[in-house]
Amino acid sequence: MQERSSVDELAERLRSELNRYSAGGKLPSSRTLVEQYRVSPVTVSRALAQLAAEGLVVTRPGAGVFRAVPRTTAAPVGDTSWQEVALSADAATDLVPRSVDASGVLVSLTEPPPEVIEFTGGYLHPSLQPEQALAAALSRAARRPGAWGRPPMEGLTELRSWFARSIGGSVTAAEVLIAAGGQSALTIALRALAAPGAPVLVESPTYPGLLAIARAAGLRPVPVPVDPDGVKPELLADAFRATGARVFVCQPLFQNPTGAVLAPERRGEVLRIAREAGAFVVEDDFVRRLVHADAGELPRPLAAEDADGVVVHVCSLTKATSPSFRVCALAARGPVLERLRAIQVVDTFFVPRPLQEAALELVGSAAWPRHLRAISTDLKTRRDAMTTALGLHLPELALPHVPSGGYHLWLRLPDGSGSTQAFGSRREAALTAAALRAGVAITPGRPYFSAEPPAGHVRLSFAAVAGVGEIAEGVRRLRQAADEVL
């Protein structure tokens, strides 16, 4: 983080001083810049690379770095208005419109300004990421024989075996594909299992990225309510009968956003109901490695209890490592595996081999279990700090379930005097906007529902902040926002 900041600072200083040089003029040598600004050679190299990427300087090997010659003619302004017709011409024949609102996904991906506390993040704060272990794994992976060659289309056999063992049951390496992150794997699964225009059953509320995937594929998300024990089996059976759906997507462990864990007595029921409906269950096991220190023994993945090929299982290393470490397993058995494989090959060919080799190096190292133990303890500390602060300063925000895994809390806003769905959504939007003005970014609940939400909600992440101090300050700022709108 410090190195990254130094690079940005040096790049900004060099950028501001470029006017001292004529177009094509030579900048000082790297050694001179190291001495002048008292930074490392790596910092100088990265700052110059940043300016080169912006088109401000040109690097000539053996000669030095020169100020780029500016363009003498402005690029012509085109007319893209024709695209409105082209993009909408097919809409009349689409069973389900494929236009996608990505705002619910962007909330957790967009980095807020530095002065804003980030309760929206969907990934670990850099201080929690295993940066040294990842760097070491990448370094070792790069030196493996054949590391830069083409991998098997399905993924490296050793990595597929590791994922199969982590899933458990009778899952084998032959039933695992390596995909480029959970979002990509879910996209492959829905494209393989449901035709455009078909219904797909989803938990309500659920992850906005899943709703975006479904709508982009022309599918109709149909909500099935969840409670603290997960999806309600009787409502799942009703939804299968009413819609004729052949796919149900769920997160049985620390569901996003509610944090629910599918109760033991419901697990077999969900599989039985899907099997009787001739349907697949897509199991998104996205945060199994973000368990809190007080969680106790975790239930096995549904895929480990499925002998009939009902479950298509998705599990990723990304959440427990870094947003850029996009290595994921997509597991299935039976004829559907070939369809999943074909779609993956057509879409992405394969996950880059160096990344797969690095994943093998990481999970096989002594640093991996140490990292998992460390984040397990840290996430519990952060969760407790946030729940305590909310209880003290914002008791009117209901917290029906405190999860023992994952990275966020799901809170219900008070109903107020006008307890309609529209009223709840307006208060939710008002609180989100007021919070941002107060210096804390929160996630509104509306994008997590595929139909009208029953009430206003917000989701607060405790993983993307620097520590418990920021959590306390963020809740204080949220109290200020709540005083304004609630």
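I take buried as under 20% relative accessible area, exposed as over 50%, and partly exposed as in between, with a 1.4 Å probe and protein chains only. Helices (H or I, at least four residues) and strands (E, at least two) are DSSP runs, numbered from the N terminus.

Before going on I noted that this is a predicted model, in which local features need pLDDT of at least 70, side-chain atom pairs count only at pLDDT 80 or more, and totals for chains, interfaces and linings use all residues. Residues are numbered from 1 along each chain as its sequence is written, and side-chain values use heavy atoms, with hydrogens and water left out.

**E10 and its partners**

E10 covers residues 311-316, and six of the six are buried, so the strand is largely enclosed by the rest of the structure. I then looked up its pairing; two strands pair if DSSP finds at least two bridges between them. Strand E9 (residues 280-284) runs parallel to E10 and is joined to it by four bridges. Val281 has Val311 in E10 as its bridge partner. With strand E11 (residues 328-331), E10 runs antiparallel, again over four bridges. Here I found Cys315 opposite Ala329 in E11.

I checked what they pack against, taking contact as heavy atoms within 4.5 Å.

H6 spans residues 131-142, and I picked out Ala136 in it. Ala136 is partly exposed, at a relative accessible area of 31%.

**The E12-E15-E14 sheet**

I followed a three-strand open sheet, ordered E12-E15-E14 and paired antiparallel. Strand E12 (408-412) and strand E14 (443-444) stand at the edges with a single partner strand each, so one side of each is left without a neighbour in the sheet. Between E12 and strand E15 (residues 457-461) I noted five bridges in the antiparallel sense. Arg412 is opposite His457 in E15.

**Backbone exceptions**

As a reminder to myself, most residues other than glycine have a negative phi, and most peptide bonds are trans.

The bond from Ser204 to Pro205 is cis, with omega near 5°. Pro205 sits in the loop between strand E5 (199-204) and helix H9 (208-216). The bond from Asn256 to Pro257 is also cis, with omega near 20°. Pro257 lies in the loop between strand E8 (247-250) and helix H11 (264-276).

Phe254 is in the loop between E8 and H11 as well. Its phi is near 55°, a positive value in a residue other than glycine. Phe254 is buried, at 2% relative accessibility. Arg38 also has a positive phi, near 55°. I placed Arg38 in the loop between helix H2 (30-37) and helix H3 (41-53). Arg38 is exposed, with a relative accessible area of 78%.

**Whole chain**

The protein chain has 16 helices and 15 strands. Its radius of gyration, taken over C-alpha atoms, is 25 Å; a compact globule of 486 residues would be near 23 Å, which agrees, by the rule of 2.2 Å times the number of residues to the power 0.38. The C-alpha trace spans about 75 × 60 × 55 Å along the principal axes. Of the 486 residues, 50% are buried. Among contacts between residues at least 6 apart in sequence, 74% join residues at least 24 apart.
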